[in-house]
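Please open the model in a viewer and keep the sequence panel beside it. The stops below proceed from the whole chain to single strands and side chains.

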Amino acid sequence: MKMMNNGYNSSFNSNSVGLMSNAAATTASSSSSSSTTNANSQSQGLKTYFKTPEGRYKLYYEKTHPPGFLPFSHGKSFSQVTLAQLKDKPAQAGPTPSSNSSTSASSGVRYAAAKFLGVGGGNGVRAIGFAGGNGTGKAVNGASRSGSLVGSNGSHSILNPNYDGKGTYLIFNVGDTIFIGDLNSPDKDPIKSLHFSNSNPICHAFDPEAKDGHDLLIGLNSGDVYSVSLRQQLQDVGKKLVGAQHYNKEGSVNNSRCTSVAWIPESDAAFVVAHADGNLYVYEKGKDGTVDTSFPVIKDQTQFSVAHARSSKSNPIARWHICQGPINNVAFSTDGIYLATVGRDGYLRVFDYLKEQLICGGKSYYGALLCCTWSGDGKYILTGGEDDLVTVWSMEDRKVVAWGEGHNSWVSGVAFDSYWSSPTSDDTEENVVYRFGSVGQDTQLLLWDLSMDEIVVPLRRCPPGGSPTFSTGSQSAHWDSITPLGTLQPAPSMRDVPKLSPVVAHRVHTEPLSGLIFTQESILTACREGHVKIWMRPSSETQSSNSESLVGSSTLASTRVGSSTLK
């Protein structure tokens with residue numbers, strides 16, 4: 001396989017959102033933006049559409065940082081993207097009046113957002129992006145310098161009258177700045193920027209169910225973590241955080257960089273933070289983040305261990321030692337029961353979060369694993385990494401059940417598409433087809449279909465000179481024995497794992513990609529330089545063209561693609 005040691009990788013949070021707008025207010029601007037987008041892409045030798053069996057996906061518009069934004073520290077971190085939907089405006093009896101405000105396009109959003117899958121987007125799992133490095137990131141001194149980062153409170157801030165904090169927003173980091181853009185506006189430039197003068201933001205996550213207003217987590221290269229209200233940031237005209245809660249201040253708990261943050265599903269007041277030294281911490285949002293917390297020394301760096309804070313007032317409340325090297329990405333299953341992590345050591349680890357127990361895991365074929373995500377039903381986990389493969393793990397079998405071959409370099413983002421359904425699916429488990437996507441350092445977007453009734457799984461390793469025995473259907477009924485609880489398996493042999501071929505392979509950016517997100521009407525792809533492209537689904541494109549609106553409100557087209565070719 002062709003390897004490209006071209007630097008760091010990151011995967012994006014995969015919050016799912018719907019795209020809608022007020023057509024009357026945005027038609028002219030959208031048309032102009034779409035034309036400009038197409039011209040820019042064509043000048044770079046990129047096509048502005050790609051074809052799939054269900055129809056054509058069309059590049060509609062792009063989002064990026066302001067022109068000329070070239071921070072000195074840009075190269076130290078790559079962009080991660082999060083989608084966030086704040087509550088709708090109240091429904092109106094008649095048509096929504098048009099407005100010259102750039103937020104008018106946001107007022108019609110209807111779909112639930114920020115339900116992660118993963119690391120990839122759209123399958124309902126909170127996925128947290130890997131942002132950071134090749135596993136060799138060094139610890140910093142942990143100096144917070146919070147005085148230059150955050151306003152002490154929101155009471156002295158100047159409110160912005162142009163934004164009411166409602167709508168669907170795109171959050172992404174470039175260098176030492178976090179940008180917030182209106183997803184439904186055709187304007188490329190963001191509407192808000194948050195500047196961190198002495199440390200780079202690395203990762204972030206949004207919780208649409210937050211009850212106290214603090215719905216956005218931000219993890220920094222210095223190890224510091226903040227929780228803030230996204231609405232409050234939009235309403236303030238300044239470039240500093242306002243009303244932020246500060247955790248791990250000045251590296252008091254851990255002074256290595258944050259690599260991933262995640263809200264714990266079904267738990268409004270808790271979140272986890274992963275670090276480059278292989279530790280993961282559990283925080284409670286309501287507790288004072290300045291209370292000193294000490295944990296016992298880790299006796300064996302090679303073994304998984306959990307330690308709880310000695311005081312009930314401490315925050316974080318627990319430390320999980322996962323591995324020796326950096327944790328690159330973490331993702332919770334939709335019900336919050338299971339936690340998946342991938343790291344520089346190349347291992348996927350799956351934990352029962354509630355029982356604090358290692359369930360299973362396994363080694364990549366080669367190199368580090370960079371990203372992971374769950375299927376919406378919690379049955380499968382996707383991972384991607386430096387072996388150029390998209391790996392499908394089965395929770396039922398605790399094994400690799402398929403490898404996706406198609407990338408020419410590191411796989412940096414994976415996501416299930418929960419909005420897609422196969423025409424051959426009849427709602428029976430035997431005929432379920434999963435659509436998922438992946439992006440990589442090779443600048444390509446790949447779409448895959450996984451039909452479990454077509455997967456062929458070898459029963460056992462064949463002796464030298466022999467041939468393996470295969471079986472189809474339910475794998476768990478055929479394995480010689482289920483892997484014992486807590487076992488981390490070595491990498492399987494290449495000939496023992498079924499291979500998938502992509503149904504679509506399309507070069508979507510000129511720079512290496514860092515993540516993708518599936519939404520109701522589109523696919524979002526993002527490169528590590530902070531450029532995001534929005535590709536409209538065939539059904540959305542048709543309705544948009546017919547009505548001359550930016551985005552339609554229709555659901556997906558009824559015609560779907562079948563499963564991919566198995567090799």
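Predicted model: local features only at pLDDT ≥ 70, side-chain atom pairs only at ≥ 80, totals over all residues.

Residues are numbered from 1 along each chain as its sequence is written, and side-chain values use heavy atoms, with hydrogens and water left out.

**Whole chain**

Colour the chain by secondary structure to display three helices and 34 strands; these are DSSP runs (helices H or I, at least four residues; strands E, at least two), numbered from the N terminus. Of the 567 residues, 59% are buried, where buried means under 20% relative accessible area, exposed over 50% and partly exposed in between (1.4 Å probe, protein chains only). Contacts (heavy atoms within 4.5 Å) may be examined next: among those with a separation of 6 or more, 66% join residues 24 or more positions apart.

**Confidence**

The chain has a mean of 75, and 65% of its residues reach 70 or more. Select residues 89–156, where pLDDT stays under 50 and the model has 254 contacts beyond four places in sequence. Then select residues 542–567, also below 50, with 77 contacts beyond near neighbours in sequence. Which elements have the lowest and the highest mean pLDDT? Strand E28 (residues 470–472) has the lowest, 42, and strand E17 (residues 338–343) the highest, 98.

**Around strand E17**

Centre on E17: five of its six residues are buried, so this strand is largely enclosed by the rest of the structure. Strands pair if DSSP finds at least two bridges between them. E17 pairs with E16 in the antiparallel sense over five bridges, with Val 342 as the bridge partner of Asn 329. Five residues separate E16 and E17 in their hairpin, and Gly 336 in the turn has a positive phi of about 75°. On to E18 (residues 347–352): five bridges join it to E17, again antiparallel, and Ala 340 stands opposite Val 350. This hairpin has three residues between the strands, and Gly 346 takes a positive phi near 85°.

**The largest nonpolar core**

A nonpolar core is a set of buried Ala, Val, Leu, Ile, Met, Phe, Trp, Tyr and Cys residues joined through side-chain atoms within 4.5 Å. The largest one has 18 residues, of which Leu 280, Val 282 and Trp 320 touch the most other members. Strands E12 (270–275), E13 (279–284), E15 (318–321) and E16 (327–332) each supply at least two residues of this core. Select Trp 320: beyond four places in sequence, its contacts include Phe 304, Leu 339, Phe 351 and Tyr 353.

**An open sheet**

Display the five strands in the order E20-E21-E22-E23-E30, an open sheet with mixed pairing. E20 (369–374) and E30 (499–500) stand at the edges with a single partner strand each, so one side of each is left without a neighbour in the sheet. Within the sheet, E21 (residues 380–385) runs antiparallel to E22 (residues 390–394) over five bridges, and Gly 384 stands opposite Val 390.

**Cysteines**

Finally, select the cysteine sulfur atoms. With a disulfide taken as a pair of them within 2.5 Å, the count comes to zero. Cys 203 has its nearest cysteine sulfur, that of Cys 258, 5.3 Å away.

Note on methods: pLDDT = per-residue confidence, 0-100.
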